[in-house]
Amino acid sequence: MSDDTPPAKSTSTRLSRLRNWLSLSGAVLSFSAFFAFVLLFAVDLMAAHANPYMGILAYVVAPMFLLLGLAMVIAGYILETRRVRKGLADDDSHLILHVNLARKRDRRLLVGFVGGSLGFIFLTAFGSYETYHLMETNSFCGETCHTPMEPEYKAYQHSAHANVDCVACHIGPGTTAYIRTKINGVKQMYHEVMGDFDRPIKIRNPNLRLAQETCQTCHWSQKHIGDVHKTFKHFLSDEANTPFTVQMILKVGGSDPVKGPVQGIHSHMNVSNKIEFIHTDEDRLSIPWVRVTDSNGKVTEYRTEEFKDDISKHEIRNMDCMDCHNRPSHKFLSPNAAVDQSMANGRIDPSIPWAKKNVVKALVQNYATREEAQQKIEASLRADYPNEKRVDSLIAEAKAIYKVNFFPEMKADWRAHPDYIGHKDSNGCFRCHDGKHLASDGKTSIKGSDCNACHIIVSQGAGKELEKYAPAGVPFIHIDSEFSDPSCADCHNGQAQAE
Ligand code: HEC
Ligand code: HEC
Ligand code: HEC
Ligand code: HEC
Ligand code: HEC
Ligand code: HEC
């Protein structure tokens with residue numbers, strides 16, 4: 001302490017140094033921030049789904065303003081103390097805020113200050129509440145965090161769940177979910193700002209909420225669906241873009257004995273059958289061990305020949321909806337499937353020679369950015385069709401396909417996020433139903449590994465052939481010969497780009 005320290009003041013005089021505009025505004029700011037925090041906390045606690053980004057408002061932004069306010073209070077105090085030390089004044093009379101209610105000016109000032117402060121507090125509360133609501137919207141989830149969420153948002157907009165909120169699937173109820181969600185929200189915001197988020201983003205067990213807490217709040221596992229008729233329209237990569245259609249009846253079934261037998265594809269629902277498995281990779285593509293417990297409590301374990309591990313070394317997962325429906329709202333089409341879809345819907349004219357082959361070829365190249373892709377797709381098709389009048393529409397459609405299915409900046413496409421619902425582009429069902437998972441006798445494989453277990457093909461081909469309906473099912477004709485081997489994804493997964 002220097003010599004010119006003024007004589008010790010009583011506490012009340014020291015406190016009176018807080019009576020300056022800076023300190024007072026700081027106090028109002030801190031109070032508003034605190035108020036906003038309490039409000040946000042209460043709103044969020046009562047909401048059906050914890051909002052990941054609310055944590056940022058309540059635990060980062062609000063406290064920042066609280067601290068700023070407190071800093072202003074202290075700064076006001078220090079400045080005031082300095083003034084006193086400099087001997088500018090040694091009594092209260094110097095204080096800027098020396099309110100004398102007898103003076104009209106002071107009365108006005110006071111009313112103005114109190115009114116302004118109340119208004120500020122109200123606006124803060126209103127503002128944070130509105131911000132909170134904004135953060136709940138799908139466009140906030142999908143658009144604000146532009147680059148990282150764009151692929152999922154684009155795919156979502158054309159999915160069966162386009163009207164289901166992101167939070168309904170991504171955020172479950174409960175305290176643990178609540179806390180985890182908050183921490184994740186702050187982490188994600190940090191990575192967004194730093195730009196060092198994962199590319200591609202993977203949300204995997206245990207970060208994805210369980211199906212019971214998400215899907216099954218709208219769907220129920222017993223629901224009897226029965227047979228589902230599906231048509232797959234393809235075009236071959238030949239000069240004529242020869243159409244090839246497969247029509248099949250999928251035995252989805254169900255688990256409600258009142259409506260029908262408990263069987264079919266949906267018999268994995270853990271209602272009468274309980275199915276558990278071990279996966280040795282993050283994407284759950286490699287599943288070397290499976291255990292079934294049937295309604296009588298009979299347990300059967302299946303494992304692949306190569307898998308010799310002691311199962312206690314691995315985490316065992318209960319099979320649920322998302323082990324098959326892993327892309328319920330973010331499906332990225334393979335170039336093959338996307339071009340087939342465009343042709344089937346008339347957006348690509350199948351009478352343009354080699355259109356299927358050439359568009360797929362332009363789409364599957366590795367591009368570093370979208371701009372590069374747009375330019376090179378155009379260049380590639382222009383080179384393929386120097387004299388074709390319809391080339392402009394072909395280019396436009398190829399670019400449109402690229403835009404919603406490929407996101408080179410995020411490294412997101414059908415290869416990074418394969419769909420497990422079938423078995424053509426990824427092993428999907430054949431992760432287990434490949435006939436190579438054997439029971440302890442070394443012979444019996446998982447039931448349902450033959451081509452008619454899950455579906456029957458009722459017609460295939462083109463034109464007149466499609467009118468021949470085979471209710472008992474026919475063997476699959478692959479291009480031109482019968483084919484019944486579970487190796488589809490080896491060729492169709494896009495790795496070899498053999499398509
Ligand atoms: C019907 C449920 C559902 C809805 C609605 C939903 N998601 Fe997803 N989302 C999922 C599932 C399931 C996965 C995990 C996919 C997997 O394991 O392959 C996922 C994965 C993701 C991923 C990780 C990357 C990826 O593609 O696997 C992101 C990012 C994502 N969702 C964002 C969103 C956004 C943003 C919205 C809203 C615009 C949204 N989700 C709406 C179910 C949903
Ligand atoms: C908020 C309610 C809600 C939630 C949560 C929800 N869904 Fe759905 N889902 C729907 C509705 C509604 C439809 C029907 C849309 C239509 O056909 O109009 C639907 C349709 C589907 C379909 C048929 C899809 C198709 O392509 O025709 C599947 C499969 C499905 N949901 C699976 C899931 C899975 C898996 C989850 C959890 C990851 C989930 N849903 C979560 C409401 C929901
Ligand atoms: C063993 C894999 C598997 C599991 C597990 C599974 N599904 Fe399915 N589900 C299918 C297949 C295959 C279809 C047929 C439709 C298709 O291929 O797109 C289907 C169809 C559906 C449909 C649409 C039926 C229609 O009318 O088109 C809904 C809804 C659905 N599933 C919901 C669920 C829910 C909810 C769960 C979890 C309780 C679940 N599924 C678990 C494989 C599965
Ligand atoms: C995690 C491994 C696993 C995956 C993945 C899987 N299943 Fe299964 N599935 C099983 C097991 C185990 C059974 C019970 C078979 C048994 O008792 O031997 C079963 C039974 C079935 C049955 C009943 C077979 C019968 O004859 O009783 C059908 C149909 C079926 N699955 C279809 C599918 C479809 C379609 C898919 C992909 C969408 C799929 N499964 C994915 C493990 C799996
Ligand atoms: C474990 C169940 C299961 C088995 C076994 C199975 N499939 Fe499939 N298959 C499916 C499902 C589910 C789909 C529908 C995928 C979808 O909805 O996109 C499908 C789709 C198909 C398609 C249409 C795919 C397309 O894009 O055109 C063909 C063809 C096909 N399967 C042939 C076969 C052949 C051949 C076998 C025997 C080697 C076989 N399946 C065995 C479940 C199975
Ligand atoms: C040895 C590699 C290979 C295997 C294994 C294979 N395919 Fe193919 N598949 C091809 C080729 C090559 C074509 C022709 C592509 C074209 O003309 O566009 C094709 C064409 C198809 C088509 C029609 C057109 C298209 O491009 O989608 C379907 C459907 C199909 N395969 C389904 C399957 C199914 C289902 C399986 C497994 C049961 C399977 N394939 C196994 C290589 C393979």
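Me: How far is a polar side-chain atom of His 330 from a nitrogen atom of ligand 1?
Reply: The distance is 2.8 Å for His 330, where a polar contact is a pair of N or O atoms within 3.5 Å, and within protein one must be able to donate a hydrogen and the other to accept it, with residues adjacent in sequence counting only if both atoms are side-chain atoms. This is a predicted model, in which local features need pLDDT of at least 70 and side-chain atom pairs count only at pLDDT 80 or more, while totals for chains, interfaces and linings use all residues. Residues are numbered from 1 along each chain as its sequence is written, chains are lettered from A and ligands numbered from 1 in the order in which they are written, and side-chain values use heavy atoms, with hydrogens and water left out.

Me: Is His 330 buried or exposed?
Reply: His 330 is buried, with a relative accessible area of 16%, whereas His 170 counts as partly exposed at 32% relative accessibility. Buried means under 20% relative accessible area, exposed over 50%, and partly exposed in between (1.4 Å probe, protein chains only).

Me: What gives the most residues to the shell around ligand 1?
Reply: Helix H6 (146-156) does, with 4 residues. The shell has 22 residues, of which Glu 152, Cys 166, Cys 169, His 170 and His 330 come nearest; a residue is near a molecule or strand if one of its heavy atoms lies within 4 Å of it.

Me: Turning to ligand 5, which residues coordinate its iron atom?
Reply: The iron atom of ligand 5 is coordinated by His 423 (NE2) and His 455 (NE2), at 1.9 to 2.0 Å. Its 6 donor atoms subtend angles of 86 to 179°, so the arrangement is octahedral. His 423 counts as partly exposed at 25% relative accessibility, and His 455 as buried at 13%.

Me: Which side chains have N or O atoms at the oxygen atoms of ligand 5?
Reply: Lys 230 has a side-chain N or O atom 3.0 Å from an oxygen atom of ligand 5, and for His 234 the corresponding distance is 2.6 Å. The largest share of the shell around ligand 5, 3 residues, comes from S1.

Me: Back to H9. Why is it largely enclosed by the rest of the structure?
Reply: H9 is largely enclosed because 7 of its 10 residues are buried. Among them are Pro 335, Val 339 and Met 343. The buried residues of H9 pack against strand S1 (226-235), helix H10 (355-364) and helix H12 (391-405). Contact here means heavy atoms within 4.5 Å.

Me: How many residues has the largest nonpolar core?
Reply: The largest core has 32 residues, and those with the most contacts inside it include Ile 348, Ile 377 and Leu 394. H9, H10, helix H11 (370-384) and H12 each supply at least two residues of this core. A nonpolar core is a set of buried Ala, Val, Leu, Ile, Met, Phe, Trp, Tyr and Cys residues joined through side-chain atoms within 4.5 Å.

Me: What does Ile 377 contact?
Reply: Leaving aside neighbours within four places in sequence, Ile 377 is in contact with Ala 362, Leu 363, Tyr 367, Ala 398 and Tyr 402.

Terms used: Donors = N, O, S within 2.8 Å, 3.2 Å for Na, K, Ca; no water. Tetrahedral: all angles 85-135°; square planar, octahedral: opposite > 155°, others 65-115°.
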